[in-house]
Each structure stands twice: as structure tokens, then as C-alpha cells.
Amino acid sequence: MSKKTKVDPRIKRTNKYLRDALVELLKEKDVTSITIQEITEKAELTRGTFYLHYQDKQDFLMQSMNEVLEELIEKVKPKQNNEDFAAVEENDESVSFLKLFEFIYDHADYFKVMLSDRGLPQFRSHMTEIVKKRVYGELISSIGEAEDGLDIPKDILISYITSAHIGVICSWLESDMKFSPAFMADKLTRLTLLGPIQVAGLENKIKLPY
């Protein structure tokens, strides 16, 4: 894998100012109604500075989204040579869950608005793909190997797992993250591997809908 080109710290700082401005504006209005002028004024930058980095608003939105999600990928699945124990982490879904929730916690304002109705429609689908490939990669690979013995189609099972994960993240953000990333990672790991009825201790306490 090729090494990434190091970005000038000044450019990173400018991008962050613009992205933070976008987040603040998204708390008030829909992304489609936000203008470049509003973004630059909120960021206390000039339009000329904006156009040094982006062609137009759509270019800015897509690049900003991709930058955050690339950072998320790096956080969730670090390169194996980064740490002595990285090889273990690569096979540990609970560690990936924890890193995911920690990253979202650190960028809560951004994820909260982008996963809401005011954010980019593409953001949820892009993030779902990251969860599927980066967090559940090992698990999905195992499901594929055991596909012939599954009681339901693999695609339905994978869709259920990943959609539930995104739903839990959204609910957590909407509750102002009242539970810690570690708590969320632990519970989501158990829900994924054991199922909601068993984890909640409801096997013999509820009536099944059939």
C-alpha cells in the first residue's frame, strides 16, 4: 500500500476551520441551503481561501466527508506494523468497536449532524460500508465460509448486523452519548455475537410474535 502524501499543517488547519463551520451551520439548516459565503464567514476565512482548496461546495462536502471517514478507517484498523499487538487487534471485533466509538465520541458534533436528515445523504451509506468492511470484516468472512449452513440468506444477515450498528450509533449520539465508548463497544459486541433477546435476558420472559 502506498504511503499517503503528508498534508501541510496549514492546509489541515484551514480544512478543519471550514469543516467546523459546516457543522455549526448544519445545526441550524439543511446542507442544501448552506452557501459558500456562509461557510467562509463562519470559519472567518475568505472565499478566495476556500477556492484555493475546493472547486465548489459539492467538492468541499465530498472531500470533507472522505477525510473524516479515512481518519475513521485508520482509527478502527491501524496498520499491523504500528504496534506490537496490532495483529491481535485485527481479529478482535470488540477492539474495533471500541476504536469506532472512541473516534465518533471525539468527533460527535460532526457525526451527529451528518447522520441526521440535514447531512449528506451519501454519508450514512459510506459509513455503513466502513462498518461492514472494517469493523465486521473478519465476521463477514466467517459468515461467507459458512454460507451453506445458514438458516437465512447471508445478505439479509449482514444487512441486519450493519444496519443495527448504524442505528445504535445514531441513537447513542441523539442521547448525547450518555454511555461511554467502552460501554457501547462491550454491549454492541455482545448484541452482535449473541443476539438481542439473549443479551437482554428475555429468552423466557417475552412472547414471540408467531
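**View 1. Met 177 sits in the loop between α10 and α11.** Helices here are DSSP runs of H or I with at least four residues, strands are E runs of at least two, and both are numbered from the N terminus. This is a predicted model, where local features need pLDDT of at least 70, side-chain atom pairs count only at pLDDT 80 or more, and totals for chains, interfaces and linings use all residues. Residues are numbered from 1 along each chain as its sequence is written, and side-chain values use heavy atoms, with hydrogens and water left out. Phi of Met 177 is near 55°, a positive value in a residue other than glycine. Most residues other than glycine have a negative phi.

**View 2. Glu 44 lies in the loop between α2 and α3 (47-53).** Its phi is near 60°, a positive value in a residue other than glycine. Is Glu 44 buried or exposed? Glu 44 counts as exposed, because its relative accessibility is 73%. The cut-offs are under 20% relative accessible area for buried, over 50% for exposed, and partly exposed in between (1.4 Å probe, protein chains only).

**View 3. Helices α1 and α2 pack at an angle of about 110°.** Two packed helices are described by the angle between their axes and the distance between the axes. Here the axes are 8 Å apart. Axes are lines fitted to C-alpha atoms, for helices over the stretch in contact, and angles run from 0 to 180 degrees between N-to-C directions. The angle makes α1 roughly perpendicular to α2. That term covers 65 to 115 degrees; under 35 is roughly parallel, over 145 roughly antiparallel, and the rest oblique. From α1, the contact uses Tyr 17, Leu 18, Ala 21, Glu 24 and Leu 25. From α2 come Glu 38, Ile 39, Thr 40, Lys 42 and Ala 43. Contact means heavy atoms within 4.5 Å.

**View 4. The largest nonpolar core has 49 residues.** A nonpolar core is a set of buried Ala, Val, Leu, Ile, Met, Phe, Trp, Tyr and Cys residues joined through side-chain atoms within 4.5 Å. Phe 111, Phe 123 and Ile 169 have the most contacts inside this core. Elements giving two or more residues to the core include α1, α8 (121-135) and α10. Which element gives the largest share? The answer is α4, with eight residues. Leaving out residues up to four places away in sequence, Phe 123 touches Met 65, Leu 69, Tyr 110, Phe 111, Met 114 and Leu 115.

View 5. Ser 64 counts as buried, at 1% relative accessibility. Beyond four places in sequence, Ser 64 touches Arg 19, Tyr 54 and Tyr 110. Met 62 is partly exposed, at 22%. Leaving aside neighbours within four places, Met 62 is in contact with Leu 120 and Gln 122. Met 62 and Phe 123 are 61 residues apart in sequence, but 9.1 Å apart in space, C-alpha to C-alpha.

**View 6. Thr 162 has its place in helix α10 (residues 154-174).** Thr 162 is buried, with a relative accessible area of 2%. Leaving aside neighbours within four places in sequence, Thr 162 is in contact with Thr 128, Val 131, Lys 132 and Tyr 136.
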